[in-house]
Amino acid sequence: MKILVTGFDPFGGEKINPAIEAVKRLPDEIKGVKIVKLEIPTVFNKSAEVVKKKIIEEQPDYVLNVGQAGGRACLTPERVAININDGRIPDNVGYQPLGEEIQKDGPAAYFTQLPIKAEVKAIRDSGIPASVSNTAGTYVCNHIFYQVQYMREKYFPKIKAGFIHIPFLPEQVVNKPQMPSMALEDIVKGLTAALGAIIEYDGKSDLTSVEGQLH
């Protein structure tokens, strides 16, 4: 088995992105499964091209995209990707789509194939806060989540894929005291636990416990 894990480069004026910093620090192997790491650009459309190329090259069994969600206090595996690009800010090449479909022939939404509740439980069991999220937003994070699902439907039906959001790092909130953050080593620990759950639940149904929030 092989898992491709991607992390975005810095965006929105930030000098660092915890997504790629955490991905780079993941073990090369978890429970005997190879972890392939890939940095992707925070750019609509181009991010999907980079991921598709890597999927063709590596032929992974799973794809887990990781992204920063400033304002969230815990790790949040995502349930659903929606067919909309609506940028609060421009991407890293200055493109700012507003209310555009990602794929004209794609469905309104895709649900992840990953065991998100098992991921959350494993992250919590490792001592890191986590919760299932039902919105991946409408920026490049949701975009790549949707695009990989679209690729799966059209080209790579054997792949299972999903997305997980992570908080700011402490150095990113020095001048944002109202914003929560999480130490990089804790993010890496949580992602490692999530990947362990994906591996453990390969071929099994997800948990049926309550692992989300009220809102």
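The following paragraphs go through a predicted model, from a set of annotated residues to the pocket and then to a helix.

The unreviewed UniProt entry lists E78, C141 and H165 under "active site". These residues span 88 positions in sequence, yet no two of their C-alpha atoms are more than 10.3 Å apart, so they gather at one spot. From this set, C141 and H165 belong to the lining of the largest pocket.

That pocket has a volume of about 420 Å³, and of the 19 residues that line it, F11, Q68, A69, G70 and R88 are the closest to its centre. Sorted by class, the lining holds 8 nonpolar, 6 polar and 5 charged residues.

E78 sits in the loop between β5 and β6 (80-82) and, with a relative accessibility of 0%, counts as buried. Its side chain is joined to that of R72 by a polar contact of 2.8 Å, and among the other residues that E78 touches, leaving aside neighbours within four places in sequence, are T112, I116, N134, F163 and H165. H165, for its part, is found in strand β10 and also counts as buried, at 3% relative accessibility. Beyond its neighbours within four places in sequence, H165 is in contact with residues including Q68, A69, R72, E78 and C141.

I116, which is in contact with E78, is one of the buried residues of helix α3 (residues 116-125), together with A118, E119, V120, A122 and I123. The buried residues of this helix pack against β5 (76-77), β10 (160-166) and α5 (184-200). Just after α3, G127 adopts a positive phi of about 95 degrees.

Conventions: Residues are numbered from 1 along each chain as its sequence is written. This is a predicted model: local features need pLDDT of at least 70, side-chain atom pairs count only at pLDDT 80 or more; totals for chains, interfaces and linings use all residues. Side-chain values use heavy atoms; hydrogens and water are left out. Buried means under 20% relative accessible area, exposed over 50%, partly exposed in between (1.4 Å probe, protein chains only). Helices (H or I, at least four residues) and strands (E, at least two) are DSSP runs, numbered from the N terminus. Contact means heavy atoms within 4.5 Å. On a 1 Å grid over the protein atoms alone, a cavity is a set of points where a 1.4 Å probe fits but cannot get out, and a pocket is an open set with protein on both sides within 12 Å along at least five of seven lines; lining residues have an atom within 4 Å of a point. Grid points are joined across faces, edges and corners, and a volume is the space filled by probe spheres set on the points. Ala, Val, Leu, Ile, Met, Phe, Trp, Tyr, Cys and Pro count as nonpolar, Asp, Glu, Lys and Arg as charged, and the others, Gly among them, as polar. UniProt positions are given in the numbering used here, feature names are shortened, and annotations may be inferred rather than shown by experiment. A polar contact is a pair of N or O atoms within 3.5 Å; within protein, one must be able to donate a hydrogen and the other to accept it, and residues adjacent in sequence count only if both atoms are side-chain atoms.
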